[in-house]
Amino acid sequence: MKSVLILFLKIFLFSTLFFGAISIITDFFFGDPFSERSLIKFAFYGIFMACTMVIGHIAAIRNKKLGPINAETIKVSQRKSIDSTLQQSELINKLKGDPEWNGFDLRTSDTEINFNTKPSMWSWGEKVRIIIRDTENHLNRFEISSTPKMKWTLVDYGRNLQNVSRIEKVITT
């Protein structure tokens with residue numbers, strides 16, 4: 001609950017300040033005076049945007065069945081480590097054979113797989129990175145991360161969590 005409140009406050013402050021700055025600039029150019037009504041308008045806009053975006057974000061995570069709503073699942077940057085006997089070449093072949101991932105340009109090195117998802121209605125796209133490390137028990141550790149392309153993204157409607165979950169499924173099946 002605390003993490004949802006923090007997300008709400010971030011969106012409220014960002015949208016209120018952004019809308020307020022744009023409104024003050026346009027009012028200045030059109031000669032409209034600044035008043036208390038302007039502050040109330042900024043606050044209502046911020047509350048509306050924060051409610052809309054937070055409720056949409058939580059609903060998307062629930063609808064996609066990505067887990068309980070907590071501090072980890074509402075983050076826009078997601079990370080997970082998985083140990084597996086799978087080799088890098090096998091993972092690349094599985095990703096290329098999977099209909100969810102085969103349309104992306106995979107860039108590989110000896111220890112990494114990188115690709116970017118395409119922009120959609122819900123995000124500007126994500127950067128997905130899989131780092132492969134050897135473990136002591138002859139397994140490979142796949143460190144999966146999915147982050148928004150836009151650094152200032154506040155909500156992703158579960159896209160990065162979904163990317164990590166889908167890659168986890170590819171590795172474990």
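**Exercise 1. Find the charge that sits over the face of Phe104, and give its distance from the ring centre.**

Solution. Start at the ring of Phe104: Lys118 lies over its face, 5.8 Å from the ring centre. A charge counts as over a ring if NZ of Lys or CZ of Arg is within 6 Å of the ring centre and within 35 degrees of the ring normal.

Before going on, please note that this is a predicted model, in which local features need pLDDT of at least 70 and side-chain atom pairs pLDDT 80 or more, while totals for chains, interfaces and linings use all residues. Residues are numbered from 1 along each chain as its sequence is written, and side-chain values use heavy atoms, with hydrogens and water left out.

**Exercise 2. Classify the ring pairs Phe104 with Phe115 and Phe34 with Phe42.**

Solution. Step one is the rule: rings of Phe, Tyr and Trp (its six-membered ring) pair if their centres lie within 6.5 Å; planes under 30 degrees apart are stacked, over 60 edge-to-face, and the rest tilted.

Step two: Phe34 and Phe42 have centres 6.4 Å apart and planes at 35°, a tilted pair. Phe42 is buried at 5% relative accessible area, whereas Phe34, at 49%, is partly exposed. Here buried means under 20% relative accessible area, exposed over 50%, and partly exposed in between (1.4 Å probe, protein chains only).

Step three: for Phe104 and Phe115 the centres are 5.8 Å apart and the planes meet at 25°, so this pair is stacked. Phe104 belongs to the loop between α3 and β2 (107–108) and Phe115 to strand β3, so the pair ties together parts eleven residues apart in sequence. Helices (H or I, at least four residues) and strands (E, at least two) are DSSP runs, numbered from the N terminus. Both Phe104 and Phe115 are buried.

**Exercise 3. Which residues touch the most other members of the largest nonpolar core, and which element gives the largest share?**

Solution. A nonpolar core is a set of buried Ala, Val, Leu, Ile, Met, Phe, Trp, Tyr and Cys residues joined through side-chain atoms within 4.5 Å. Of the 19 residues, those touching the most other members are Leu91, Leu95, Ile113, Phe115, Ile130, Ile167 and Ile171. Two or more residues come from each of α3 (88–97), β3 (112–116), β4 (126–134), β5 (140–148) and α4 (159–172). The largest share, four residues, is from α4.

**Exercise 4. What do the buried residues of α4 pack against?**

Solution. Among the buried residues of α4 are Leu161, Val164, Ile167 and Ile171. With contact meaning heavy atoms within 4.5 Å, the buried residues of α4 pack against β1 (78–84), α3, β3, β4 and β5.
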